[in-house]
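Dear colleague,

I am passing the structure on to you below, and after it you will find my notes on what turned up. Please read them with the coordinates open.

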Amino acid sequence: MSPPFAEPSSLVEPVPAEAAGLGNSVARLRLERLARSAKPFVARGSRMERCEQCRLALSHCLCAWRPQVAARSAVCLLMHDIEALKPSNTGWLIADVVADNSAFGWSRVEVDERLLALLDDPQWQPYVVFPGEYAAPERVVQTVAPASGKRPLFILLDATWTEARKMFRKSPYLDRFPVLSLTPEQQSRYRLRRSTRGEHLCTAEVAALCLELAGDAQAGEALDAYLDVFSERYLGFKRSLPLDEQSAAHQRLRPFVGRAAAAGRADSAGGA
Ligand SMILES: [Zn+2]
């Protein structure tokens with residue numbers, strides 16, 4: 001799902017194979033999706049030089065700011081068609097922050113065997129994160145309390161709202177899992193803290209809230225701050241605003257950034 005700012009959905013941008021070296025499952029999915037494309041995507045601003053890893057303009061590269069934080073929870077993204085190709089996709093950020101991340105392209109007619117294997121892995125307690133009114137009441141939960149020894153696995157449907165509803169209805173392999181429904185109170189408390197403006201939380205915001213509910217408060221906070229820094233840099237480039245590494249968002253993210261990265265950042269402060 002898009003970030004909490006308006007973004008034309010036609011913006012798609014190929015990424016070279018180097019990105020596949022990341023532990024970022026969305027980067028891998030993007031490469032798989034591009035390989036299946038019959039014709040190359042022509043993105044607006046495609047002549048702009050982008051960072052091969054974070055997808056931002058080189059002058060606004062986010063890579064030195066990737067947070068390093070432990071989490072007990074895992075996140076699995078089910079992504080609708082071109083979602084992984086959008087430079088504005090925020091599922092990518094989740095995969096940067098949560099070490100146990102996976103991403104699969106969703107299809108109505110076929111299911112990735114690797115997804116089914118993940119769902120069957122007894123170390124995880126999967127939760128489908130979705131509004132409760134679309135699920136049978138007995139499936140709906142509002143807290144995260146996995147059976148002992150199990151770690152939570154949050155399944156997020158990364159798509160537009162209309163697509164996500166269809167995905168939820170037409171994925172029978174998810175039917176046996178509880179549906180984690182974020183309450184309006186949880187969402188508005190979160191919104192107040194972040195002063196986010198969007199009507200719906202974007203995918204990274206939903207993930208941050210889930211992490212918090214699961215007791216992974218540090219990871220949730222790091223993801224929040226990372227999303228803010230991403231948004232600031234993404235929009236900053238589009239609007240030709242100067243990059244401010246002392247901004248509130250950068251300050252909030254700084255404690256989560258590794259020491260090596262921080263040194264590199266000092267060297268390259270001010271741009272690529
Ligand atoms: Zn970068």
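Helices and strands here are DSSP runs numbered from the N terminus, a helix being a run of H or I of at least four residues and a strand a run of E of at least two. Please bear in mind that this is a predicted model, in which local features need pLDDT of at least 70 and side-chain atom pairs count only at pLDDT 80 or more, while totals for chains, interfaces and linings use all residues. Residues are numbered from 1 along each chain as its sequence is written.

By that assignment the chain has nine helices and six strands. Of its 272 residues, 39% are buried, a term applied when 20 or more other C-beta atoms, placed from the backbone, lie within 10 Å of a residue's own, with exposed meaning 12 or fewer and partly exposed anything in between. Among contacts (C-beta atoms, placed from the backbone, within 7 Å) with a separation of 6 or more, 78% join residues 24 or more positions apart.

The loop between α1 and β1

Val-69 is found in the loop between α1 and β1, and it counts as buried because it has 20 C-beta neighbours inside 10 Å. Apart from neighbours within four places in sequence, Val-69 touches Val-97, Gln-218, Ala-219, Ala-222 and Phe-256, and its C-alpha atom is separated by 9.5 Å from that of Gly-220, 151 residues apart along the chain.

Cys-54 lies in the loop between α1 and β1 as well, and is buried, with 27 other C-beta atoms within 10 Å. Its contacts, leaving aside neighbours within four places in sequence, are Cys-61, Leu-62 and Cys-63, while Phe-230, 176 residues apart from Cys-54 in sequence, is 9.3 Å apart from it, C-alpha to C-alpha. Ala-64, placed in the loop between α1 (25–36) and β1 (74–79), is partly exposed, since 19 other C-beta atoms lie within 10 Å; its C-alpha atom and that of Gly-258, 194 residues apart along the chain, are separated by 8.7 Å.

The pair α6 and α7

How do helix α6 and helix α7 pack, in angle and in distance between their axes? Helix α6 (residues 203–213) and helix α7 (residues 217–238) pack at about 160 degrees with axes 7 Å apart, where axes are lines fitted to C-alpha atoms over the stretch in contact and angles run from 0 to 180 degrees between N-to-C directions. The two helices are therefore roughly antiparallel, the word used for angles over 145 degrees. The contact is made by Ala-204, Glu-205, Ala-207, Ala-208, Leu-211 and Glu-212 of α6, and by Ala-217, Ala-219, Gly-220, Leu-223, Asp-224 and Leu-227 of α7.

After α6 comes Gly-215, whose phi is positive, near 90 degrees.

The nonpolar core

A nonpolar core is taken as a set of buried Ala, Val, Leu, Ile, Met, Phe, Trp, Tyr and Cys residues joined through C-beta atoms within 7 Å. The largest has 65 residues, and those with the most contacts inside it are Ile-94, Ala-207, Leu-223 and Tyr-226. α7 gives the most to this core, with nine residues. Leu-223, leaving aside neighbours within four places in sequence, is in contact with Leu-93, Ile-94, Val-97, Ala-204, Ala-207, Ala-208 and Leu-211.

With best wishes

Key:
Parallel < 35°, antiparallel > 145°, perpendicular 65-115°, else oblique. Contact = placed C-beta atoms within 7 Å.
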